[in-house]
Amino acid sequence: MWLRARCWFLLPVRAIYVCKDRRSGLILTIPLCTEQTSMEELSSTLDYLLGIPSDKCKARGFTVIVDGRKSQWNIVKTVVLMLQNVIPAEVSLVCVVKPDEFWDKKVTHFCFWKEKDRLGFEVILVSANKLTRYIEPCQLTDEFGGSLVYDHMDWVNKRLVFEKFTKESTSLLDELVVINESEKSNQLDKERPPDCNFLPSFDPETVLQTGHELLSELQQRRFNGSEGGGGAWSPMDDELLAQPQVMKLLDSLREQYTKYQEVCRQRSKRSQLEEIQTKVMQVVNWLEGPGTEQLRTQWGIGDSIRASQALQQKHEEIESQHSEWFAVYVELNQQIAALLSAGDEEDLVELKGLQQQLSDVCYRQASQLESRQNVLQSAHEFHSTAQDLSQQLDGLLGMLCADVAPADGAAIQQTLKHLEEKLKSVEGALAGLREKGQVLMDQMSNQTSWSYGKDVPIENKENIDHIQGVMEDMQLRKQRCEDMVDVRRLKMLQMVQLFKCEEDASQAVEWLGELLDALLKTHIRLGDDSLETKVLLEKHKKFVDVAQSTYDYGRQLLQATVVLCQSLRCTTRSSGDTLPRLNRVWKQFTVTSEERVHRLEMACSFHTAAEKVASPDQGNLSAEVEQETYEEVEMVGKALLDRLTVPVIFPDGSEQYFGSPGDMASSAEHIRDKMKLVEDRKLTLHEEDEEEEDIDTG
């Protein structure tokens, strides 16, 4: 059986207990190292270790193993001599384990066996592999060639735990007894104030947990020792004796701790009840005092968004202060509910009364806070809507006051559409303002204040007058804008007509120009005979009638433009260059039309004369008439040919030909061909006349 302990206050010095030797005595192992060993500390360690075993165990004597394999001879000698002063009566044998290379003989001339009588115990020098001659291998650790399994640090830790538990549990027991007895005296003498400041120095739960863990470890070590064999080791007698001691301390602790818990519960209940009463009155007094006063002085709604926001911020500060007290209320309510569930009859009535009083005050104050918050929120929405509506009315008024100078009718239509949309948006915003104003007034009419235990209505006449004044002012502004929109709408419709007239007048000029262009480029035929020429003359008259109608339409549109400009007082706007262009094109068309008529009339005269010469009735004509007819054909034909080569001269001096040069050449060629036929006809008839005269003279 092993017992091993380490000197925890100086690491180089350590001591090991080993049990048992061949005489069932305890074995103490002192491992030495190359570092300097403090004899004072080693002595203190030995004193501590010798105080652990029971007297029965110490009576069997000790076998001390001094491991000097890593130390110097003079240190080993000093340690052995020190044992004489520390434990001479308990030591039976000292085994000094020497290194493989033995110390010099000059330093080992001291013979321990000769000093046995003076030392009081036997000392032998032995190698580590020869140590089993004196001690069983199963009682030696592996460092001495044995098979004993031993964890020295585990033993030290458990020893410290045991000593700590013994000290703390003993002290805690004394304190718990004093506390419990004091509480019992307080219950008998209720007028005596309880001492609530007397608390145990150690946490009972922690001490109990430490004791249970220690007891479990001791029992486990005993179990392992009883069932192990070979290299396993069993607990010492003092460890076996420690188990009943720990169990007894645990039982006493549990008993006193149970009583102490009941004491604490009673203390906690009394303290909690007193604390609840104090906090309830604090909450009630503040809510009915400063809290109510804060709400009573804050009933305005402001006259703008900024003012309402400032009031909201102030209300948030008030809510923040109330929230702290409401949090206390929630906590108190939970505490009261917990105490009520405990079912102590003596406290039920008082707790329920406190709970009811607290709930009534808090719910009433929370209701007033919520009502005030709703009013401020509605006021903010009302002022926001009023501001938006005011900005929309300002924008609409700005549009109405600005001069109208659109570029065309489409721009006017777009502006008119935009104006209508603005007015519709204003109407919607005004309807929204009325709705929000009514909601706000309804909320304010239902507001009440709690004063001296009664609901007192709040006077809101000033706020309601302000709301109604804002809505009436917006209604008047909207009505003025509507009237101005009607005037602007009429003016813009007239401008649409003005642009339409100008556009149509320009279109008439274009149409007249197209008619002129068609007259010059396509109206070039003069007809192959008089009948066709007459048909062309009739068509030309109709063509001129169309042009005349177009010209008259353009003049009427320009006259309407002048009237509209006068109505709109648009002095800077007139028909522009449309009228001069219309007159210029019409004059050009007139000149061209007259030239066309003149040419067609000449062509008709030419074809009529030519046809008269070529007709079968020509023989009935007198010679004088016939001659005139031939001359007329020749004269008109030449004049017509000359006319075809002359351009049309417009009033501005510009010139323009009918058709292309090829078209004119074709018409001229046709006239020449017809003139040649007439000439040939004239020669033929002349020859026939000469032949007839020759026959008559012959």
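This is a predicted model: local features need pLDDT of at least 70, side-chain atom pairs count only at pLDDT 80 or more; totals for chains, interfaces and linings use all residues.
**The chain as a whole**

- The secondary structure of the protein chain comes to 15 helices and ten strands, and 41% of its 698 residues count as buried.
- Among the contacts in the protein chain with a separation of 6 or more, 79% are accounted for by residues 24 or more positions apart.

**Helices α1 and α3**

- Helix α1 (residues 39-50) packs against helix α3 (residues 73-86) at an angle of about 45 degrees, and the two axes are 11 Å apart.
- That angle makes α1 oblique to α3, and the crossing in which α1 passes α3 is right-handed.
- On the α1 side the contact is made by M39, L42, S43, L46, D47 and L50, while α3 contributes I75, T78, V79, M82, L83 and V86.

- Strand β5 pairs with strand β4 (residues 62-67) in the parallel sense over six bridges, and V91 in β5 is the bridge partner of F62.
- Strand β5 also pairs in the parallel sense with strand β6 (residues 122-126), here over five bridges, and in this pairing V97 stands opposite V126 in β6.

**K58, in helix α2**

- K58 has its place in helix α2 (residues 55-59), and its relative accessibility of 23% means that K58 counts as partly exposed.
- Not counting residues up to four places away in sequence, K58 touches L50, P53 and E90; of these, L50 is also one of the α1 residues that make the contact with α3.
- K58 and V91 are 33 residues apart in sequence, and their C-alpha atoms are 9.4 Å apart in space; V91 is the residue of β5 that has F62 as its bridge partner.

- Helix α11 (residues 461-521) and α12 pack with their axes 9 Å apart and at an angle of about 155 degrees.
- Since angles over 145 degrees count as roughly antiparallel, α11 and α12 are therefore roughly antiparallel to each other, and their crossing is left-handed.
- V585 lies in helix α13 and counts as buried at 11% relative accessibility.
- Not counting residues up to four places away in sequence, V585 touches V509, L512, G513 and L516.
- Although V585 and L516 are 69 residues apart in sequence, they are 7.7 Å apart in space, C-alpha to C-alpha.

**Aromatic pairs**

- Counting rings whose centres lie within 6.5 Å as paired, the total comes to six aromatic pairs.
- The rings of Y329 and Y363 have their centres 6.3 Å apart and their planes at 75 degrees, so this pair is edge-to-face.
- The pair links distant parts of the chain, with Y329 in helix α8 (residues 305-342) and Y363 in helix α9 (residues 345-401), 34 residues apart.
- For F543 and F589 the ring centres are 5.8 Å apart and the planes are at 35 degrees, so the pair is tilted.
- This pair, too, links distant parts of the chain, with F543 in helix α12 (residues 530-568) and F589 in helix α13 (residues 578-614), 46 residues apart.
- Both F543 and F589 are buried, and together with Y551 and W586 they form one aromatic cluster.

Note on methods:
Residues are numbered from 1 along each chain as its sequence is written. Side-chain values use heavy atoms; hydrogens and water are left out. Rings of Phe, Tyr and Trp (its six-membered ring) pair if their centres lie within 6.5 Å; planes under 30 degrees apart count as stacked, over 60 as edge-to-face and the rest as tilted. Helices (H or I, at least four residues) and strands (E, at least two) are DSSP runs, numbered from the N terminus. Buried means under 20% relative accessible area, exposed over 50%, partly exposed in between (1.4 Å probe, protein chains only). Two strands pair if DSSP finds at least two bridges between them. Contact means heavy atoms within 4.5 Å. Axes are lines fitted to C-alpha atoms, for helices over the stretch in contact, and angles run from 0 to 180 degrees between N-to-C directions. Angles under 35 degrees count as roughly parallel, over 145 as roughly antiparallel, 65 to 115 as roughly perpendicular and the rest as oblique. A crossing is left-handed if the near helix is turned anticlockwise from the far one by less than a right angle, and right-handed if clockwise.
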